[in-house]
Structure formats: C-alpha cells, structure tokens
Amino acid sequence: MPDRIESLLAELSEASGPTGFEGPVRAIVRRELTPLADGIETDGLGSLIARLDATSGGEDAPRVMLAGHMDELGLLVRRITPEGYLKFQTLGGWLDQALINQRWRVISSKGAVLGVTGIKTVHVMNADARGRVFAKDDMFIDVGATSAEDAEQRLGIRPGDPVVPDSRFEAFEDGKLYLGKAWDDRAGVAAMIEVVRLLKASGHPNHVFAAATVQEEVGLRGAETSAHAIAPAIGINLESGVAGDYPGISPDEAQEKLGGGPAIFLHDTSMLPNLKLRDLVIDVAKEYGVPLQFNVLSGYGQDGAMVQRTGSGTPAINITVPTRYLHSHNGVIHRDDFDKAVMLVAALVRKLDAATVASLRTFD
Ligand code: CO
C-alpha cells in the first residue's frame, strides 16, 4: 500500500501542468497548503504563494522564500492540418528523440483528448534514413480525427491548446524507486509541501513563503514575479537534480546518484549559490545525519536564479532530489532522497533566524 507521501507524489506526477497551464497542479498545492498556511494568494502570472508567519522573532523576522515550479514540459497546438493532424510548438527543452511515438493528452474544450506523435514506419525507409533521428518540425500528433473540422468540432481542439505527456506513475519492485513524468519539478513541489508541514508542526524563526511557481521551463518567469511579490531575505529553491548514475554519462557531466541523498548545485548556467549558505547546508546535513551530494552542471537553469536577483540581491541555493531521465515521459527518483531532502530543508529553515540571515547577507 502506498503511504501518504507516495500517493501525493503519484498524484502530482500524473497531474497535467504543461508550462502556462498549471491549473490542476495549483489545485493540488492549494488543497495541501491551505490547512497549514496563515495566508495563500496567487500572483498575477499564476504562481501560488503560501505564507507561514514566524513563530518566534516577531514581525521583523526574516522572510525566507521556498520555491518549486509547478510546470512541466509540454507542447502547444500550432495548427490543425486539413487532414486533422496537429502540428505543435514545444514548451520547454525537449530532445527531439524524446518526442517521437509517445502518448499525449491535448487539453481541449471537450476534455483531455488522447493523441500520439506518429512515427514513419521502418518498412518504407532505406538504410540511411533508418539511422536518422526525426526532427520535431516534421512531427505531428494523431488524435484520430478525419479532418480539421472533425478535430475542431468533435474533439474541441483549437490552436493554442496545451498538450501534456501521458504517463502513469509506478513504483519499481523495491518500492523505493518511483517512475513517472514531471519529477521536474513535482518532486520539488511535493518536497516544499512536506517542508511546510514539518515547519508548521515545529515552529520557525522566520516568515516562510512557499511559492509554487509557473512557467519555469520557458525562462523562470513565475519565479521572477513571485520573488518580486515576496521580497525575500533568503531563497531556497527545490528542484529535480540531475543524476549521473546510468550508462553513457560521466561525473564531469552530472554527479548525483539515486539513493545518495539530496544534492546542492554548486554551479549551473543560471546561478552560483551563496557560499556561506552552502556551508550552512553542509553543517545542517552533518548535524542531522543527512548524506549530501554536490553537482556542478555546465547547463541547466532554475528558479533560484530569479530569487537571487530580487531586490538588491538575495542569498540563494538550489537543493535537489536526484532524478534520472529529466525532460521525458519517464523519469526516476528515489524515495529516500525525497524524504532526506525534506528533512534537510526543514532543518535549514529552522536555523534561519535574524542573526544567521544577517550574517549570510553580510559581505566583507
Ligand atoms: Co525544473
């Protein structure tokens, strides 16, 4: 039997939330955080911000922002061909080869319409063509329509409709490894919810703002607006990390291993963490017996980068749940990493009293 956290992870993984269309995910986050929060609001772009007032430190206690993005990679209907096939625009950083011959749901006015990115059959290809990867511009979605009118009238599909990967959550045989879509960043969103739950129970010397952000995958847009609304003193971003523990990937590309504990990013394209905050995370991990991994990525961007640039600058760090096969229909995370990330972040937030935050924000 799945426990409460496995059920939450499964529900969040299977929820539809392609970039710009995060509503079903927002509804889950709102349901989970409403009983815990002192206030909940959405900003003008759609990010949901839950506030927990400081239980010590008074009105002037520091403002700590937690962030996790609700959106996942998706597609958007560009146009419907006269024959009833859908041409699409990608939302977020897809590999072309991850798009082909997959199941999708087109979110139309008549519901979630099943579709498949058709693949040209091998039987008509010469040896040269067989070795080639299909480019996304040549791809289309087959929704079983007989014409453009059929797609529009019977299925309710319009240009601009979002399209989401169709993929079920399942646990591997050991019960610890979870297979599903959208761990980027539903793992982070779920971790944020559980951190809020722990902080509500324990108390905390700061005002906590938990932001479930929108539109991360197209340029950290929701993090920018929600950080503006919150004006934090410290930012902690919760993300899916990049595992490097499978064939064909080297430690110089990615270092995280599933089951090795949560990780912190020491470099990605978007952000350098505050080094005093890095050291504090290392100390807290030691104190609580949480194994901590490091990752140095030459690519990647994450919401912490926008939090960091808020106001006159905000010390920030990105803490991750290691993830295999990001940006595809099927990723894998390890339950122990998730639980330990939650423990680590909650303990870290409890350390962030006014004096600690002041020292993190001081430069000699
Ligand atoms: Co992400």
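What radius of gyration does the protein chain have, and what would a compact globule of 364 residues have?

**Figure 1. The whole chain.** The protein chain has a radius of gyration of 21 Å, which agrees with the value near 21 Å for a compact globule of 364 residues (taken over C-alpha atoms; the globule rule is 2.2 Å times the number of residues to the power 0.38). This is a predicted model: local features need pLDDT of at least 70, side-chain atom pairs count only at pLDDT 80 or more, and totals for chains, interfaces and linings use all residues. Residues are numbered from 1 along each chain as its sequence is written, and side-chain values use heavy atoms, with hydrogens and water left out. Along the principal axes, the C-alpha atoms fill a box of roughly 70 × 45 × 40 Å. Eleven helices and 17 strands make up the secondary structure (DSSP runs numbered from the N terminus: helices are H or I, at least four residues; strands are E, at least two).

Figure 2. H69 sits in strand β3 (residues 63-69) and D184 in helix α6, 115 residues apart, so the pair links distant parts of the chain.

Figure 3. Over the protein chain, 54% of the 364 residues count as buried.

**Figure 4. The largest cavity.** Its volume is about 130 Å³ (on a 1 Å grid over the protein atoms alone, a cavity is a set of points where a 1.4 Å probe fits but cannot get out; lining residues have an atom within 4 Å of a point). Of its 16 lining residues, K181, A182, W183, H327 and S328 lie nearest the centre.

**Figure 5. The second largest cavity.** This one has a volume of about 30 Å³. Its lining includes A187, L238, I319 and the residue E239. Helix α6 (183-202) and strands β13 (234-240) and β16 (316-321) each give two or more residues to that lining.

Terms used. On a 1 Å grid over the protein atoms alone, a cavity is a set of points where a 1.4 Å probe fits but cannot get out, and a pocket is an open set with protein on both sides within 12 Å along at least five of seven lines; lining residues have an atom within 4 Å of a point. Grid points are joined across faces, edges and corners, and a volume is the space filled by probe spheres set on the points. Buried means under 20% relative accessible area, exposed over 50%, partly exposed in between (1.4 Å probe, protein chains only).
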